[in-house]
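Morning, everyone. I have one structure for you today. Please look at the screen.

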Amino acid sequence: FEASVHLATAFSATMSSNYQTPDSKKEEFRKYLEKSGVIDALTKVLVGLYEEPERPPNAVDYIKRYMGAPTGVDVEAMRSENEQLRKEREELRATVEELNARIKEGDGED
(Lines give C-alpha, C1' and ligand atoms only; values in the text may rest on other atoms or scores of the structure.)
Protein backbone atom coordinates (compact mmCIF):
# COMPACT_ATOMS: atom_id res chain seq x y z
CA PHE A 1 0.00 0.00 0.00
CA GLU A 2 2.83 2.37 0.88
CA ALA A 3 4.33 1.87 -2.57
CA SER A 4 1.01 2.70 -4.24
CA VAL A 5 0.66 5.89 -2.21
CA HIS A 6 4.21 6.81 -3.20
CA LEU A 7 3.39 6.12 -6.86
CA ALA A 8 0.26 8.25 -6.68
CA THR A 9 2.18 11.08 -5.01
CA ALA A 10 4.99 10.85 -7.53
CA PHE A 11 2.54 10.84 -10.43
CA SER A 12 0.69 13.87 -9.09
CA ALA A 13 3.97 15.69 -8.49
CA THR A 14 5.14 14.86 -12.00
CA MET A 15 1.87 16.09 -13.50
CA SER A 16 2.09 19.25 -11.44
CA SER A 17 5.72 19.94 -12.29
CA ASN A 18 5.03 19.42 -15.98
CA TYR A 19 2.36 22.12 -15.92
CA GLN A 20 3.96 24.65 -13.56
CA THR A 21 5.36 27.04 -16.09
CA PRO A 22 5.05 30.77 -16.56
CA ASP A 23 2.71 30.09 -19.45
CA SER A 24 -0.77 30.83 -18.13
CA LYS A 25 -2.44 28.52 -20.66
CA LYS A 26 -0.59 25.53 -19.28
CA GLU A 27 -1.42 26.51 -15.71
CA GLU A 28 -5.06 27.01 -16.64
CA PHE A 29 -5.12 23.58 -18.30
CA ARG A 30 -3.50 21.95 -15.25
CA LYS A 31 -6.13 23.53 -13.00
CA TYR A 32 -8.85 22.33 -15.36
CA LEU A 33 -7.50 18.75 -15.21
CA GLU A 34 -7.27 18.92 -11.45
CA LYS A 35 -10.72 20.46 -10.97
CA SER A 36 -12.41 18.02 -13.34
CA GLY A 37 -10.87 15.03 -11.57
CA VAL A 38 -8.67 13.85 -14.44
CA ILE A 39 -5.47 13.85 -12.39
CA ASP A 40 -7.13 11.88 -9.59
CA ALA A 41 -8.63 9.39 -12.06
CA LEU A 42 -5.30 8.84 -13.79
CA THR A 43 -3.56 8.47 -10.46
CA LYS A 44 -6.08 5.84 -9.35
CA VAL A 45 -5.80 3.85 -12.57
CA LEU A 46 -2.00 3.89 -12.41
CA VAL A 47 -2.07 2.81 -8.77
CA GLY A 48 -4.44 0.00 -9.75
CA LEU A 49 -2.08 -1.08 -12.51
CA TYR A 50 0.87 -0.92 -10.11
CA GLU A 51 -0.97 -3.07 -7.55
CA GLU A 52 -1.84 -5.81 -10.08
CA PRO A 53 -0.09 -9.02 -9.01
CA GLU A 54 0.68 -9.83 -12.64
CA ARG A 55 1.28 -7.16 -15.23
CA PRO A 56 -1.44 -7.24 -17.89
CA PRO A 57 -0.10 -7.89 -21.40
CA ASN A 58 -1.74 -4.71 -22.71
CA ALA A 59 -1.57 -1.81 -20.26
CA VAL A 60 -3.67 0.47 -22.48
CA ASP A 61 -6.55 -2.04 -22.56
CA TYR A 62 -6.25 -2.37 -18.76
CA ILE A 63 -6.54 1.39 -18.39
CA LYS A 64 -9.51 1.52 -20.77
CA ARG A 65 -11.31 -1.22 -18.85
CA TYR A 66 -10.52 0.46 -15.53
CA MET A 67 -11.90 3.75 -16.83
CA GLY A 68 -14.99 2.00 -18.21
CA ALA A 69 -14.23 2.35 -21.91
CA PRO A 70 -14.88 -0.53 -24.28
CA THR A 71 -11.82 -2.27 -25.63
CA GLY A 72 -11.30 -3.72 -29.06
CA VAL A 73 -13.46 -1.05 -30.71
CA ASP A 74 -12.48 0.19 -34.16
CA VAL A 75 -13.18 3.91 -33.81
CA GLU A 76 -12.52 4.66 -37.47
CA ALA A 77 -14.99 1.98 -38.56
CA MET A 78 -17.59 3.42 -36.19
CA ARG A 79 -17.01 6.94 -37.55
CA SER A 80 -17.34 5.69 -41.11
CA GLU A 81 -20.55 3.82 -40.27
CA ASN A 82 -21.89 6.89 -38.49
CA GLU A 83 -21.25 9.06 -41.55
CA GLN A 84 -22.89 6.50 -43.82
CA LEU A 85 -25.94 6.34 -41.54
CA ARG A 86 -26.19 10.14 -41.48
CA LYS A 87 -26.24 10.22 -45.29
CA GLU A 88 -28.83 7.46 -45.39
CA ARG A 89 -30.98 9.33 -42.88
CA GLU A 90 -30.85 12.49 -45.00
CA GLU A 91 -31.84 10.51 -48.10
CA LEU A 92 -34.75 8.97 -46.21
CA ARG A 93 -35.87 12.38 -44.97
CA ALA A 94 -35.84 13.69 -48.53
CA THR A 95 -37.90 10.68 -49.64
CA VAL A 96 -40.43 11.24 -46.86
CA GLU A 97 -40.75 14.91 -47.80
CA GLU A 98 -41.23 13.98 -51.46
CA LEU A 99 -43.88 11.38 -50.61
CA ASN A 100 -45.69 13.80 -48.29
CA ALA A 101 -45.74 16.37 -51.10
CA ARG A 102 -47.23 13.77 -53.49
CA ILE A 103 -49.89 12.89 -50.92
CA LYS A 104 -50.83 16.57 -50.54
CA GLU A 105 -51.05 16.92 -54.32
CA GLY A 106 -53.31 13.86 -54.47
CA ASP A 107 -55.56 15.23 -51.70
CA GLY A 108 -56.03 18.50 -53.57
CA GLU A 109 -57.26 16.75 -56.74
CA ASP A 110 -60.33 15.15 -55.14
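From the N terminus on, the order of elements is α-α-α-α-α. That makes five helices and zero strands in the chain. Helices here are DSSP runs of H or I with at least four residues, strands are runs of E with at least two, and both are numbered from the N terminus.

A word on the source. This is a predicted model, where local features need pLDDT of at least 70, side-chain atom pairs count only at pLDDT 80 or more, and totals for chains, interfaces and linings use all residues. Residues are numbered from 1 along each chain as its sequence is written, and side-chain values use heavy atoms, with hydrogens and water left out.

Next, burial. The chain has 110 residues, and 15% of them count as buried. Buried means under 20% relative accessible area, exposed over 50%, and partly exposed in between, with a 1.4 Å probe and protein chains only.

Now salt bridges. The whole structure has six. Each one is a side-chain nitrogen of Lys or Arg within 4 Å of a carboxyl oxygen of Asp or Glu.

Take helix H2, residues 24-35. Arg30 and Glu34 sit there, four residues apart, about one turn. Their side chains form a salt bridge at 2.6 Å, N to O. Arg30 is buried, at 10% relative accessible area. Glu34 is partly exposed, at 46%.

On to helix H5, residues 75-109. Glu76 and Arg79 are three residues apart in it, about one helical turn. They form a salt bridge, with the closest N and O atoms 3.2 Å apart. Both residues are exposed.

Last pair: Glu90 and Arg89 meet in a salt bridge at 3.4 Å, N to O. Elsewhere, shared partners link Glu27, Arg30 and Glu34 into one salt-bridge network.
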